Amino acid sequence: MRTRTLGELTVSAQGLGCMGMSAFYGGRDEDEAVATIHRALDLGVTLLDTSDAYGPHTNEVLVGKAIAGRRYEVVIATKFGIELRADDPMYRGIRGDASYVKEACDASLRRLGVDHIDLYYQHRVDPGTPIEETVGAMAELVEAGKVRYLGVSEASAATIRRAHAVHPITAVQTEWSLWTRDIEAEVAPVCAELGIGVVPYSPLGRGFLTGAIKSTDALEADDFRVVGLPRFQAENLERNLAVVRALEALAAERGVTAGQLALAWVQHRGEHVVPIPGTKRRTYLEQNVAAADLELSADDLAAIEAAVPADAIAGTRYAEQHMASLDL
């Protein structure tokens, strides 16, 4: 796979989001998850994305198990800042205070089984802690050799500027896809201005843009998309399915899948953009990786955007309580 650069960090042009292997999207198969990570490495994917919140904690353990013996092939990205508790599924805190930053990093290093994290993100901005304190503590981790590069996730343009003034920010992770384009107004221009890479998560609209989800009946009852995402709810689903059908028609004309076309669109946002489509199965991984080589002309891009206009999507990307946690 070709490479791209996030700040000064070179990674594969497409990464692998590992969240769904351990959390949020229904059934688990650890053996298949590990095999999927190994296949990703074989195909040249170097950027693996996880977080201490996924599980919580269990996804980092899984990733650590999968990369044992292959650490030199991997750029590990993980995150801190969403505090979840295994003994209290309803608890969700946001922390960015200096003591917590250091505590969380040490815990992630232990779970991953590594001596350093390549890219360490603040998962959500803590409104109760100045970003300068949080990034200052993260910078101390760099000085200590525990972390190589720093990132922030779901941060506003103003917060990104403040963070970057304390220590260079290598990457901003945020949702970006054909059905989530909020970043384009302010965050993407600021990243381009400051030389910061962008790492879009859910570039396939949490699987919806693949066309595989025609009804929530196909999803497990505890799937986060069923219980927590308005775009999958009955009042919005039919409208959004019409958009997917238009995308499927364009994809058929080009001999690719709807998911590959949607992912290629994200890949074409810029050479500093490295999407991390998530999957827990090798079959879907291979389809996603193939999309990294799909060339789209200006006419192709215009046709895609006409088929999936940003204002055609029904529903917010998170439920109200989770939208409140974003630094908008």
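Buried residues, meaning those under 20% relative accessible area with a 1.4 Å probe and protein chains only, make up 58% of the 328 residues in the chain. The model is predicted, so local features need pLDDT of at least 70 and side-chain atom pairs count only at pLDDT 80 or more, while totals for chains, interfaces and linings use all residues. Residues are numbered from 1 along each chain as its sequence is written, and side-chain values use heavy atoms, without hydrogens and water.

**The whole chain**

The C-alpha trace spans about 55 × 40 × 40 Å along its principal axes. Contact means heavy atoms within 4.5 Å; among contacts between residues at least 6 apart in sequence, 76% join residues at least 24 apart.

Select residues 3–6, strand S1. Arg 4 and Leu 6 form its covered face, whereas Thr 3 and Thr 5 form the uncovered one. In a regular strand the side chains alternate between the two faces of the sheet. Leu 6 has Leu 9 of S2 as its bridge partner. The hairpin has 2 residues between the strands, and Gly 7 takes a positive phi near 60° there.

**Second stop: helix H5**

Next, select residues 157–166, helix H5, and show Ala 157, Thr 159, Ile 160 and Ala 163, the buried residues of this helix. They cover an arc of only 155° around the axis, which puts them on the same side of H5; the arc is that of the directions from the helix axis to the C-beta atoms. Their cover includes helix H4 (131–143), strand S9 (147–153), strand S10 (169–175) and helix H6 (187–194).

A search of the whole structure finds 4 aromatic pairs. Rings of Phe, Tyr and Trp (its six-membered ring) pair if their centres lie within 6.5 Å; planes under 30 degrees apart count as stacked, over 60 as edge-to-face and the rest as tilted. Select Phe 80 and Tyr 120: the ring centres are 5.0 Å apart and the planes are at 35°, so the pair is tilted. Phe 80 lies in strand S5 (residues 75–80) and Tyr 120 in strand S8 (residues 117–122), so the pair ties together parts that are 40 residues apart in sequence. Both Phe 80 and Tyr 120 are buried.

Move to Trp 179 and Phe 232, an edge-to-face pair with 5.8 Å centre to centre and 90° between the planes. Trp 179 and Phe 232 are both buried.

**Last stop: Asn 288**

Finally, select Asn 288 in helix H10 (residues 282–291). Asn 288 is buried, with a relative accessible area of 8%. Leaving aside residues up to four places away in sequence, Asn 288 touches Gln 14, Leu 204, Leu 263, Pro 277 and Thr 279.

Note on methods
Buried means under 20% relative accessible area, exposed over 50%, partly exposed in between (1.4 Å probe, protein chains only). Helices (H or I, at least four residues) and strands (E, at least two) are DSSP runs, numbered from the N terminus. Two strands pair if DSSP finds at least two bridges between them.
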